[in-house]
Each structure stands twice: as C-alpha cells, then as structure tokens.
Amino acid sequence: MPRGERPLGPEDTALLRFAGDLRRLRDQAGKPSYRELARRANYSPTALSDAAGGRKLPSLALTLAFVRACEADPAPWTKRWRELAAEYAQPLHPNSPYPGIEPFTEHDAKHYFGREFLVEQIVESVRARPMTVVFGASGSGRTSLLRAGVLPALDDAVVVTPGENPVEDLAAALAGLFEDTTADALAEELRQSPDHLRLRLRQHRPGLVLLVDDAEKAFGADDFTAAVTRCPRVVLAVRADHRQRWHELGAGGDAAEITVEPMSADQLRRAITEPAARIGATVETAVVARLVADAANRHSLPLVQQALAETWRRKRGMTLSLAGFEESGGVEHAVARAAETFFAGLGEQDRAAARQVFLRLVSVRRNGIAQRRAPRPLDVDADLLDRLAKARLVTLTEDGAELTHDASLGWPRLAAWIDEERENLRTHQQLVTAMELWEASDRDPLALYRGVRLRKAKELGEFLTVQERRFVDISTRRETRRSTALIAVMAVLIALVPGTVVYALSNERKITELAGRELGGKAISASEALMEQRRPYADKYALVGYRVNPSPEAEKVLRLANAVTRGIPFTGTPKDDADVVVAPRGDMAAVTDADGTDRMWSLDEDKAVPGKRFADRHRVVELAERRAVTKDHSGQEHLWAVSDAGDITYLSALPDRFRTLDLSPDGSRIVGKVGDAADVGLPTPDETEHAELYDLSDPRFPRRLPVPVRNPETVALSHDGRELATGTWDPDAGTTKIEFWHIGGTYEPASPALSQNVYIRSITYSGDGRWLAVEHSPESIVEVWQRVPSGTPVLRARLETTLRSGARVTFASEDRVAVVRDNVFEVQRLYASDRSPDRLVYVVGHGNSTRAVHRAQHDDFLVRSGGRDPELLPYELDAGAIIKRMCEKDGARLTDSEWVKSFGEVERVEVC
C-alpha cells in the first residue's frame, strides 16, 4: 500500500498555500497517483511529490508539468508562480555584473561591454574637435555610454546631468574643481557671464572634458547652453527626438555628430557574456540565443539588463541557465511588469491618455495579427511620452515614437484594448496606407479618400494624428466639391435645355468624363476594399476603374490587385511569418515549416508545389541556381546541391565558424567570414575575424581561394562568381573604400576603386555586371553606379527614402532596379546618361524586408506579401499584359449580379 502524503500543517506562508493548492488541484483531477502523474508529466514521482511538499519552491517547468498532468490551465499558475518566485528569489548581490534597469555607472566600467568601438569613436572625436554631440534614442544607453564607457576612457572628465535648474546643477558638479568659489557663487557667476566657465577651465583644468548627459533637458536654459558649448572640450548626449531642436538652437557650430545605433548581434553577445565571464560565471548558450533574438538591432538594452539581473537571482551556482531565465519570464515578463506598474501609478485622465498612446503605436494586419508600428510622430502630451520612455515602454527616436518591444503586445491590458478597438485599428491601418500612396503619387487627388472609407475614417476621432486629420479634411473638401460640381452642372443643363441645346451638347463630353471619374473612383475603392479583406474579384473591379478612367492611380491599383489575386501561397506545412528565400530565377523557394526546418518548393506562374525538406532544423541562408547553404541549430553551415525542389542532396559541411556573406547566383563561389563571432554566446575578438573565399566547382571539396582584403565589412560576388567587390570602412577618415577584384587562383584589380564618405551596408551586382548598387547606413539610401570597362563607376541614380530599414536590391532586364525597404516595394528605370531614373512602381504594404526576385520568363517580380502568411505576389508592370491575360482566361468580366450590386443601373462597361 503506497505511503500517504506528509500533512502540510497550517498554510501560514505563501509557499505552503501554493503547495496546498497544488494538492487540491490533484484532488480535483480525481487524485491520480504520483506514478500516474509522472507518466503524464514526464517527471519522476518523487519530483512531483516534492513540488507539492511545501519545503521549497519547485521550478516553473515542474510546476507547469504538474498542472498540465492535472488537466488544468497553466496560465494562472504561471502568473502565481512568478509572484511567489519574486518573494523567494535571492536578493541581487552587490557584485552582480548586471545593473538591471538602472544605467551603468563609472563603478560598473569593468562590466560594460559591446560599445567599445563607439567609445573609441567618441574619444577620437574629443581629441579632434572641441564639441561632440551624441544622439541616441531613448533606451539606447546614452547614460551608460558616458558614465561607464567614455568617462573611464578619458584622463580628466566630469559628468553633468541638468535637472530643473541646469545652471545650479552645472555649478554643483564643477565647484569642487576651483578653490576660490562655491556652488552658489559659481552659479551666479555663470548667470552673469556664461563665458567665465571657459576661462576658468583654461586656467585651472585645461584638459578637462565636460560630459553632459540628458542635454536636451537644458535646451531652454540659454545661460547653461552658452556656458557648456563654449568649453574647450565638451560631449553632449542628446535624445534623438530632440535632434532638430538642437540644430535650431544653432549652438553646435562645427560639432561632430555621432549616432548611437542599436547593438548588433555580436555586440549584444559581448554585453551578455563578458560581464559574467569577468567574475567567473557563464551564460548558457540558449539564454544568449534567446536574448539576441529578442533584442539585437533594437533599442532594448535596459530590458535585456533587467532580464539578466532577474536571471542572476535564479542562477545555478555560477551559471545563468535557461531554466532560470524562463523562470524569470525573460524580456516578456519584464515588459509586462513594467507596463502594469506604470499604468497602476497613473490617474484616471493619464490612464485614458496612455491607452490612446499605446493604441496609436499598434497596427492590425489584414489577418488580424497585431504588430508594432514603425516610429511615428504623436501629438500627445510630451510629459507622458517622457514618462513612458523612462519606464522603457516607448522608444523615442528621431522619427517619432514606437513601442520598445514586441513583448508589449503580450501585456494583457494592451491585448484587451486591441481586441476592443480591432476594427478601428484595421481602419486606421488602411488610412495610413492610403496616405502613403497619396504622398507617393505626388498627392494625386484621385488617391484621396471618398465614400464609405472616408466616412469610416472620420469616425476614428482621437486615433488620428495631425497629419492624418489633414488628409481626412482634404478628402472631405474634395468630396464636397465633387458632389457640388456634379449637382451644379446637372442643374444648369436642365435649365438650359429649352433654349440652349447646343450648349448642352458641348458639355456632354464633360458630363460623361465626370460620371466616368465617379464610376472609376467607386470601382477603385471597391477593389482596394476587397484587397484589404483578401476577398476575390479585386482585379475585376480594378480593371473596371482603369477602363473607365485610365489614370496613373488606377493603373497602380490594377497592378497590385492583379498581384494580390494571383498571390502564390505556401499551403500545408509552413509556419506563420515563415522565412521565404527565393532562388535567383524565381523558379524555387525555401520556406520554413512549422517545426523550424526549411522545405524546398517549386514555383509555377501562380502556384507553389512542395518538395523535399532539408535536414532537421536546417534553415536556408543562401539559395543559388544549383546550390543552397543551410545553418543548423548549432550555427554550423552546410552546402547542398539543389537540382529542383524535389531533388536536393547534402554535399558537405562548411568550415567551422564560417558565416556566409554571399553566394554567387550561379552557385560557383561562396564568400564569408570566419571568427569567434560565428559561435553563439561567445565573445568576439575582432582580430580573429577574417574573410574566406571558396570555389565550388567540386562542391564536396570546396577549394579555398586567396582573398585580397583580410576583413572587409561588406562583400559581394558577381553573377558568375568571377568578380568580388569588397567594402572596407575607415573609422578615422569616415570613408568606405570599395574595391573590385578578378578572382581565381590569384587576384588582381578589375577596375579603379570607389571611395564613399559613408558606411556602406551592402553591395549588389546586376546580372550582366553593368550596374552596381551600394546601400548607405543608417539612412538606407541606395546609389546605383554604371560600371565602365577598366574605368571608375559613374553615379547614375540616388534612391532616397525616409525609411531607416535595410534595403534589398534586385536588378532586372531593361535597366530596371527593384528595392524593398521594410514593407515598401519600388521599381525604377535607370538610364546610362544624366537623366534621372523613372519610378515605375511604388507599393506600400508589401515587401516584408525580403528581396524581390525578377522572373524573366514571366517578366514579373516576386514580392513577399505584407501579411503574416508566407505568400509571394507576382507583380507585373505592364498593364496591357495584365488585361490581355485576364481577358484570355475569361477572368475579367463581373457578372450581372455583381455589377448591379456595386453600380446599380449604371450602363455596363465592357473591359475586354
């Protein structure tokens, strides 16, 4: 007979009450034996019995296994466990290498990693110029950078942080440097003559560097600004959303400006692993991988530090384990807890305003999935935005405000608000898209709102920003003028019929044109609404609108409706928001299955057929005509032969720690980097990294070729793999040198080098080698250069943008170039002369940061749809070819019932 459970006794502690509730949960489940629970939960009977024993807090994983074995909902138990764990967690040891949500200080300098290059850049600027201004978004780590990075790197420096009384704060920080004054006396002296600070420093501390943190708080204090900007050496840290205001002050002169970019994956790995390594601790690779995936290339450093601090409390010995990280809740729990704490501290009026701010920073996709908006200006209380930024819930950038992290969307309160306002959010997203199209079409009146969509936009009320209200107002005025004009013309005609028939006949054409524009506008609106809802017939309505009124706007809608209608879905196995890598000719694609393994698909004109899968958990990094490179779960890269989607063969593993940078489209050569940066979770000594180039003529035994540049920042291979472009950044000169090399058994220059006074993020060759695209960072400007045989390339186009996301460039026949930035897709025609390029296409809402691929056999571009589903849109530029295909397939004509339902008794328009 099994031994009975030990009684818990009085449940007078939170831990005993937790254990008692676990026992009662087991009773409600029919009191299965612990042996039976063990079978269900995959834990030992002893572990499950101890979980309900009340002597120690079980792990979160064990608790949830117990709950699931009793067929209960794990969500409330997760919340309760974390509340209890917070009580029983070890206090943060004073020697913890992670400061949590607080910034690093000078005393934390030995634990400050990841910003070494930026610190060096600022120090060099201090030596070269009197003033350096460092701009960074909220949460980018400006305070930590100054106090733990720059301050220890300088021989003589002091940090000043202005508050409500900037001059008094400045005097208090500096009074101790001068023997003949006090803080109050120095403050009064600076009010009388701000230039006295410069004179005092030159006399007493000529080498002193003044580091001013949160300088934007003192922009209204002229005496403070004058005093610090006249100092011999000063570094001002300014929040990025105040950059324009700083320039308006005109106090910068020839100051150097440095921008704090988000940490890259490699920098973030150092920031995570090195502090622990310094005190003999380790961070499990899985923890590093999770945090890098959560926070790399975004301003989320305080959240990372907070998650690490909470994981430190739960460390096993000297190891920060995945179990401890998950028990802490990671970044998601940090965000939800910060949001709830912030909201609870607000009054009723501020709560309503905060709700509005959160909802303005969220959009809802066509499939109903909520997502963060890109940074956007908000006309709301600046103090509330500052408090949200201080709580690390909102990031303030030069472009506006955005939610700091996707985890905000999992905050239960925000999730409930989104559900309540889902229809308004969807309508608002449609409005934003319409505004972008209106701007892209040079504010074409036909792109303004009308009819039902205008009425729904008016109902959005507080959702609208100033710019959005202006768009709605302009649309309303145009709608009113159009209706008034139509009524007036009809009234005049009716009045003049008895005596002025000739006049009526002369105006018949105008009436017809006006009626046609009205019908065309209605058809275009119907097409756009159907596209938003992903319903059929969007292309048919677009064709009606184009036939009635063949304007540039109608042609744009026809092209997009045709692409959406012919969309190529990957049905069956892919996961939501799966990665899609398309082969250079557009005949195959690799798509991620739900289990994290990539599968090959063959692509027909408008359908996809599934093929074979790669090895378990292999993800495609590069896909060429005959080759594929995959990365397994450990980070090791592998080479495959790909004859077609149903015929893939494993060839060989690439060298250890090799990271592919480019694979020539014909699959003949591959270039990448080797170094510790390829090892997930390990620090990256820069000197270990170097480039390696391989010939894949015998892909089972890749042959290493000499590389002309040891460690370039950017590389690209020509279509046939015979030419290599390298971009090398010189931080001292602030230039990138792009060199072109014929490669083989030896290497030699292919053409004169190209020097750019910016950092180059990427280089792309055209298929015929005649064109070269280089992308600037961080502005994402793309410059297109014409290659001249044995001569220096000639600049032919500069494709500018307001989007600060990476550009994916593709060249096509007839001197066309396609660029995808975030969810914007555009095509431009290039000219081998001084003529500016012609914009052929500008589509907002599709692209999904995935390179477009030109299919020569169909003369269209495969563009990733903007939705969460992995779908490709075949985007064709020739409206005549679109109409021909629709009419040949008998897919152009609306049925009689569809026509009457949409347009009433208006005479049918024949479209074919």
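Mentor: The charged end of Arg243 lies over the ring of Phe135, at 4.1 Å from the ring centre. A charge is said to sit over a ring if NZ of Lys or CZ of Arg is within 6 Å of the ring centre and within 35 degrees of the ring normal. Arg835 is placed over the ring of Tyr831 in this sense, with its charged end 4.0 Å from the centre.

The model is a predicted one, in which local features need pLDDT of at least 70 and side-chain atom pairs count only at pLDDT 80 or more, while totals for chains, interfaces and linings use all residues. Residues are numbered from 1 along each chain as its sequence is written, and side-chain values use heavy atoms, with hydrogens and water left out.

Rings also meet other rings. A pair of aromatic rings is described by the distance of the centres and the angle of the planes. Rings of Phe, Tyr and Trp (its six-membered ring) pair if their centres lie within 6.5 Å; planes under 30 degrees apart count as stacked, over 60 as edge-to-face and the rest as tilted. By this rule there are 19 aromatic pairs. Trp411 and Trp417 form an edge-to-face pair, because their ring centres are 5.6 Å apart and their planes stand at 80 degrees. Both Trp411 and Trp417 are buried, where buried means under 20% relative accessible area, exposed over 50%, and partly exposed in between (1.4 Å probe, protein chains only). Ring pairs join Trp411 and Trp417 with Phe343 and Phe358 in a cluster.

Trp640 and Tyr650 are likewise edge-to-face, since their centres lie 5.2 Å apart and their planes are at 80 degrees. This pair links distant parts of the chain, 10 residues apart: Trp640 belongs to strand 19 (residues 637-644) and Tyr650 to strand 20 (residues 647-653). Strands (E, at least two residues) and helices (H or I, at least four) are DSSP runs, numbered from the N terminus. Trp640 counts as buried because its relative accessibility is 7%, whereas Tyr650, at 36%, is partly exposed.

Now to the backbone. Most residues other than glycine have a negative phi. Lys31 is not a glycine, yet its phi is positive, about 50 degrees. Lys31 is found in the loop between helix 1 (14-28) and helix 2 (34-41), and its relative accessibility of 52% makes it exposed. Asp815 also has a positive phi, near 55 degrees. Its place is the loop between strand 33 (807-812) and strand 34 (816-821), and at 23% relative accessibility Asp815 is partly exposed.
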